[in-house]
Amino acid sequence: MIIYDLACTAGHRFEACLGSMFDPNPDCGCGASTSRVPSRLNLGGAANAGPGRDDMPTTWHGTGQGDPATLKAWHGAMTKRERLEERYPELAGDRRPILAHEGAFAGRPLRAGDDLVPTVAKAAFGKEES
Ligand SMILES: [Zn+2]
């Protein structure tokens, strides 16, 4: 079954379930013939994941000098984000501690758990150790 959006020549719009894409369009309730029209998009932002950890303020000034309402709003948003990341771990990203991020590791930080020899070889010489 495929759900199509249909519009009749009188301007009525409705959905109809058809067995296949080759089935003829059903007539409208008013008796007029119909044609298939593109489905409407939902642009309401229903899939917005909200602010992430990188959006969180990291300075005293960013919290409005410790403004209780700002802190409470961020605490609520991050609690919600944490629950979302528990259900969808791919949203959490790589959260392992960064051990080195300067010099040779500026482009790709060294993280806890990285295999040290190939990572250092790639950072220092630009290629994998073989
Ligand atoms: Zn109609």
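Reader: Looking at helix α1, how many of its 20 residues count as buried?

Author: Keep in mind that this is a predicted model. To be buried, a residue needs 20 or more other C-beta atoms within 10 Å of its own. Helix α1 is hardly covered, and its count of buried residues is zero.

Reader: What span does α1 reach from its first C-alpha to its last?

Author: α1 covers residues 68-87, which makes 20 residues. At 1.5 Å a residue you'd expect 28 Å, and the model comes close to that with 29 Å.

Reader: Which strands stand at the edges of the open sheet?

Author: Three strands make up this sheet, with antiparallel pairing and the order β2-β1-β3. Two of them have a single partner strand each, so one side of each is left without a neighbour in the sheet. Those edge strands are β2 (13-18) and β3 (34-37).

Reader: Which residue in β3 is the bridge partner of Ala-7?

Author: Strand β1 takes in residues 2-8 and pairs with β3 in the antiparallel sense. Four bridges link β1 and β3. For Ala-7, the partner in β3 is Ser-35.

Reader: What is the radius of gyration of the chain, and why is the chain called more spread out than a compact globule?

Author: Along the sequence the elements run β-β-β-α-β-β-α. For 130 residues the globule rule gives 14 Å, and the chain is well over that, so it is more spread out than a compact globule. Its C-alpha trace spans about 75 × 55 × 25 Å along the principal axes. The radius of gyration is 27 Å.

Reader: What percentage of the chain's residues count as buried?

Author: The chain has 130 residues. The share of them that counts as buried is 2%.

How values were computed:
Residues numbered from 1 in each chain as written. Predicted model: local features only at pLDDT ≥ 70, side-chain atom pairs only at ≥ 80, totals over all residues. Pairing = 2+ DSSP bridges. Helix = DSSP H or I, 4+ residues; strand = E, 2+ residues; numbered from the N terminus. Expected span 1.5 Å × (residues − 1). Buried ≥ 20, exposed ≤ 12 C-beta atoms within 10 Å, placed from the backbone. Rg over C-alpha atoms; globule rule 2.2 N^0.38 Å.
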